[in-house]
Amino acid sequence: MEHITLLLAIVVVTALVFDFTNGFHDTANAMATTISTGALKPKTAVAMSAVLNLIGAFLSVEVAKTISGGIVNEDGIRTEVIFAALVGAILWNLLTWLVGLPSSSSHALFGGLIGAAVMSAGWSSINGGTVVTKVLLPAIAAPLVAGIAAMLATRLTYRINRNVTDEGQLKSTAKGYRAGQIASAGLVSLAHGTNDAQKTMGIITLALVTSGVLAPGSNPPMWVIVSAGVAIALGTYLGGWRIIRTMGKGLTDLQPPQGFAAQTSAATVILASSHLGFSLSTTQSCSGAVMGAGLGRKGGVVRWSTATRMFVAWGLTLPAAGLVGAGAEFLTKQGPWGIAVTAVILVGGSFAIWLASRRQPVDHTNVNDTADDEPQGVVTTAMAAVQPPPVGGPASDLSTTIPASAPDDPARPPAKV
């Protein structure tokens, strides 16, 4: 580490800041369904997720190798390019967090990196084959595979338990699914740390290679692995409550069996892709699984207005982060003053987004509240329409009521205590 320059140190710190935003942006992937179904209390859930994210960061480096030596050609890429890429990724992450959309932190990073590299060295600096096979194709396949698996698992779960009618058995089954949900949420957290923490490891390793500190093709040093794991764990513990609300309540209303099916399906897809070195989006995998679980229950709904906004965010992530990354790289190419201006834009933009978020705060105390302006699904609206109205409402000035002494006289008001 003795060869690290001031610029490289800034890039490393910025990469860890991105890792931190990745953590709180993607906490919903693992814990939204567990929190929404009541299997775990919000603060307990994010604490457990943070610990498992940290552990997961040490399990593999295949995704890190894909990023550090696969997406862009290392030759001719300057350290400033990495800084510009991170600026694009961080600002997009914060913007989508502000509006509560579970967009992909991974694609924000890839978009920023591609945009900055193209601005710096042209399209020849991008390995198109790697981008298609290990980024774009998994982006399409992962939510579909996770969604179909979750839908089938949900239907199978309800079919197996369709003859359970005893109240005691129903309670026992519900407890079992809640326990399974906690276990599967832990598996998703482990998978998230394995996949997403490596992306920051890959970026830092790429910066070290471009600065001549490491040889091309090197694995991430241990200090990079540790720092990336700690950063994503801290961000996870902070809790991205806005996105947790969207994933847990905004997409569909989940019951414990659905939550268990969704998380198990997503974790399987994420862990398999990490083993193969596919840098897929854990957000897209988990979102697809939640929607699949919502469709898998008879009478279940998916709020397609929220899903449509989420799909639009997915489609915009790569190009939007790429444009910001390209603009940041245009500034950094101007020299030290350009790097300083880019840093000011990053800090100022992040602060402005944080101030905007304080107007309507979302935290662990109101994360399970459904937004008032979120339209209900068709089935939910129809069910609410046919519910009988309550028989009278409690008087606001009564603390307790007792039955009237003459039950055969329905017009007589209850006695006041």
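Residues are numbered from 1 along each chain as its sequence is written, and side-chain values use heavy atoms, with hydrogens and water left out. Because the model is predicted, local features need pLDDT of at least 70 and side-chain atom pairs count only at pLDDT 80 or more, whereas totals for chains, interfaces and linings use all residues.

The protein has 15 helices and two strands; helices (H or I, at least four residues) and strands (E, at least two) are DSSP runs, numbered from the N terminus. Of its 417 residues, 52% count as buried, where buried means under 20% relative accessible area, exposed over 50%, and partly exposed in between, with a 1.4 Å probe and protein chains only. Contact here means heavy atoms within 4.5 Å. Among contacts between residues at least 6 apart in sequence, 85% join residues at least 24 apart.

Helix α5 is mostly covered, with 19 of its 20 residues buried.

Two packed helices are described by the angle between their axes and the distance between the axes. Axes are lines fitted to C-alpha atoms, for helices over the stretch in contact, and angles run from 0 to 180 degrees between N-to-C directions. Helix α1 (residues 6-25) packs against α5 at an angle of about 25°, with the axes 9 Å apart. The two helices α1 and α5 are therefore roughly parallel to each other, since angles under 35 degrees count as roughly parallel, over 145 as roughly antiparallel, 65 to 115 as roughly perpendicular and the rest as oblique. The crossing of α1 past α5 is left-handed; a crossing is left-handed if the near helix is turned anticlockwise from the far one by less than a right angle, and right-handed if clockwise. Residues making this contact include Phe18, Thr21, Asn22 and His25 of α1 and Ala89, Ile90, Asn93 and Trp97 of α5. By class, the contact of α1 with α5 has 15 nonpolar, seven polar and one charged residues. In this scheme Ala, Val, Leu, Ile, Met, Phe, Trp, Tyr, Cys and Pro count as nonpolar, Asp, Glu, Lys and Arg as charged, and the others, Gly among them, as polar.

Two asparagines illustrate this contact. Asn22 is found in helix α1 and counts as buried at 0% relative accessibility. Leaving aside neighbours within four places in sequence, Asn22 is in contact with Asn93, Ser105, His192, Asp196 and Ile232. Not counting residues up to four places away in sequence, Asn93 touches Phe18, Thr21, Asn22, His25, Ser105 and Ala108.

The chain then leaves α5. Just after this helix, Gly100 takes a positive phi of about 75°. Pro102 lies in the loop between α5 and α6 and is buried, with a relative accessible area of 1%. Although Pro102 and Ile243 are 141 residues apart in sequence, they are 5.8 Å apart in space, C-alpha to C-alpha.

Helix α6 (residues 105-121) packs with helix α13 (residues 304-332) at an angle of about 40°, with their axes 6 Å apart. These helices, α6 and α13, are therefore oblique to each other, and their crossing is right-handed. Among the residues of the contact are Gly111, Gly112 and Gly115 of α6 and Ala321, Gly322 and Gly325 of α13. The contact of α6 with α13 divides into eight nonpolar, eight polar and one charged residues.

A further pair involves helix α12 (residues 282-296), which has 15 residues and reaches 21 Å from its first C-alpha to its last, close to the 21 Å expected at 1.5 Å a residue. Because 14 of its 15 residues are buried, α12 is largely enclosed by the rest of the structure. The axes of helix α7 (residues 128-160) and α12 come within 7 Å and cross at roughly 30°, so α7 and α12 are roughly parallel to each other. Their crossing is right-handed. The contact includes Ala142, Pro143 and Gly147 of α7 and Gly288, Ala289 and Gly292 of α12, and its residues divide into nine nonpolar, seven polar and one charged.

Conventions: Expected span 1.5 Å × (residues − 1).
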